Amino acid sequence: FTKLKRLRIDGRLVVGVCPSVVVAKNTYANGWDYVQGIANLINDLVHKGHVVALYPNASRGDGMNKTHNNDLPLLNDISDKLLPDTKNKVLKFSCSLNAAEIYQIINLCDTHLVSRFHAMVATLSLGIPVLVIGWSHKYLEVMGSFNQADMVIDYSKWDHSSILKLIDQLIDNRIKISKTIENSLVEVKKLSQRQIDFVINYLEKN
């Protein structure tokens, strides 16, 4: 965390990358390598001069090597695929993290590339631009609420150059995109509050 904060103070642009073992397993079933794909993107981002923070959204303190609901082994696999001159320029968070620590990492990045649903939600809640590589309609529905549907890619339609261009687009327009997300967040919070009020009212009556 200290190193990441120092890099931000120094004015370095940081791209957060949060992969998902669920998406990785889906891609393996379809005959291609998600791990290598993410590693290739990180290699190119570092080559462009950006800092990459590689972090998990799901981790298990009681079973660090188990792959169910645990992205830590995946992070290690991705790190092993990085080019030698890239690996030591990537900040890899290879320990179990709680929700507050994940939010802290997310908030210290300028933009994000994520495959975890809850990482996407956290990023949007902080008004930070995010590109999503997902597997379910739920990603698109949530991102659409923030006028960011064009920043969702189904993993089955992976294209390295297209993804890289979208990340560049996020970086170049991050201030404008952040404003769009923040403006949409006002209405999303109001909708959430109405749902909470409905549940409270229902429980009080029953």
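1. A residue is called buried under 20% relative accessible area, exposed over 50%, and partly exposed in between. K25 has a relative accessibility of 43%, so K25 counts as partly exposed. This residue is found in helix α2. K25 and V35 are ten residues apart in sequence, and their C-alpha atoms are 10.0 Å apart in space. The model is a predicted one, and the values in the points below are to be read accordingly.

2. Overall make-up. The chain has ten helices and six strands. Its C-alpha atoms fill a box of roughly 60 × 40 × 35 Å along the principal axes. The radius of gyration is 17 Å; a compact globule of 206 residues would have a value near 17 Å, so the two agree.

3. Burial and contact range. Of the 206 residues in the chain, 46% count as buried. Taking the contacts between residues at least 6 apart in sequence, 63% join residues at least 24 apart.

4. Nonpolar core. The largest nonpolar core has 64 residues, and the members that touch the most others are I42, Y55 and L131. Helix α3, residues 34-47, gives the most to this core, namely eight residues. As a general matter, nonpolar side chains in soluble globular proteins tend to be buried together.

5. Contacts of I42. Which residues does I42 contact, once neighbours within four places in sequence are left aside? They are V17, V52, L54, I78, L82, T86 and V90. One of these contacts, I78, is also among the buried residues of helix α4.

6. Helix α4. This helix spans residues 72-81, and its buried residues are L72, P73, L74, L75, I78 and S79. The cover over the buried residues of α4 includes the helices α2 (21-29), α3 and α5 (84-87), together with the strands β2 (51-54) and β3 (90-92). Helix α2, listed in that cover, is the helix in which K25 is found.

7. Largest pocket. The space in the largest pocket is about 210 Å³. The pocket is lined by F117, V121, L124, S125, V142, S145, F146, L185, E187, V188 and L191. Helices α7 (117-125) and α10 (174-205) each supply at least two residues of this lining. How many lining residues are nonpolar, polar and charged? The lining has eight nonpolar, two polar and one charged.

Terms used
Residues are numbered from 1 along each chain as its sequence is written. This is a predicted model: local features need pLDDT of at least 70, side-chain atom pairs count only at pLDDT 80 or more; totals for chains, interfaces and linings use all residues. Side-chain values use heavy atoms; hydrogens and water are left out. A nonpolar core is a set of buried Ala, Val, Leu, Ile, Met, Phe, Trp, Tyr and Cys residues joined through side-chain atoms within 4.5 Å. Buried means under 20% relative accessible area, exposed over 50%, partly exposed in between (1.4 Å probe, protein chains only). Helices (H or I, at least four residues) and strands (E, at least two) are DSSP runs, numbered from the N terminus. Contact means heavy atoms within 4.5 Å. On a 1 Å grid over the protein atoms alone, a cavity is a set of points where a 1.4 Å probe fits but cannot get out, and a pocket is an open set with protein on both sides within 12 Å along at least five of seven lines; lining residues have an atom within 4 Å of a point. Grid points are joined across faces, edges and corners, and a volume is the space filled by probe spheres set on the points. Ala, Val, Leu, Ile, Met, Phe, Trp, Tyr, Cys and Pro count as nonpolar, Asp, Glu, Lys and Arg as charged, and the others, Gly among them, as polar. The radius of gyration is taken over C-alpha atoms; the globule rule is 2.2 Å times the number of residues to the power 0.38.
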